[in-house]
Amino acid sequence: MRPGRSSALLILAVAVFVALFANAAFFASVANVYGVSAKSAPFIVSLFCFITSIFVLILSAVCHRTVVKPMLIVFLLLSSVIAYFANTYGTIFDYRMIGNVLETNSGEARDLFNVSLLLYILLL
């Protein structure tokens, strides 16, 4: 397989994995609101495809040649941390939350860092 193809497949695999597993709470909320039925299934599937395609688009833009694997590793680590806080505390990450993260002092960060977070990162 050519190097470009293997990078594209790796990006697609990571995007599908993150969309499926790191967004479990999101999809559970969507299923709770819309229900799981033959009528809502196309919407849920299209939402999954949309999220996956956004991840593929972003990752394809930042992953070039030698930085593919390091960028995907960083993406997986960040998505697992975000998924932990979203699932544990019900946090929604937007541009304001990124500002809050950057303003967090070491005491607050130490309070949030625990074994549960480490296990979550290792599993995802």
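Visitor: How far apart are the mean positions of the positive and negative charges of the protein chain?
Guide: Lys and Arg count as positive and Asp and Glu as negative, with His and the chain ends not counted. Each charge is placed at NZ of Lys, CZ of Arg, CG of Asp or CD of Glu. This is a predicted model, where local features need pLDDT of at least 70, side-chain atom pairs count only at pLDDT 80 or more, and totals for chains, interfaces and linings use all residues. Between the 7 positive and 4 negative charges, the mean positions lie apart by 27 Å.

Visitor: Which elements make up the secondary structure of the protein chain?
Guide: Helices (H or I, at least four residues) and strands (E, at least two) are DSSP runs, numbered from the N terminus. Residues are numbered from 1 along each chain as its sequence is written. The order from the N terminus is α-α-α-α-α-α-α. The tally is zero strands and seven helices.

Visitor: What share of the 124 residues is buried?
Guide: Buried means under 20% relative accessible area (1.4 Å probe, protein chains only). By that cut-off, the share in the protein chain is 22%.

Visitor: Which elements give two or more residues to the lining of the largest cavity?
Guide: A cavity is a set of points on a 1 Å grid over the protein atoms alone where a 1.4 Å probe fits but cannot get out; lining residues have an atom within 4 Å of a point. The largest cavity holds about 30 Å³. Its lining is F17, V18, A22, L76, S79, S80 and L124. The elements giving two or more of the lining residues are α1 (3-22) and α4 (68-89).

Terms used
Heavy atoms only, no water. Buried < 20%, exposed > 50% of the residue type's maximum accessible area, 1.4 Å probe, protein only. 1 Å grid on protein atoms, 1.4 Å probe; cavity = no way out; pocket = protein on both sides within 12 Å on 5 of 7 lines; lining within 4 Å. Points joined across faces, edges and corners; volume = space filled by probe spheres on them.
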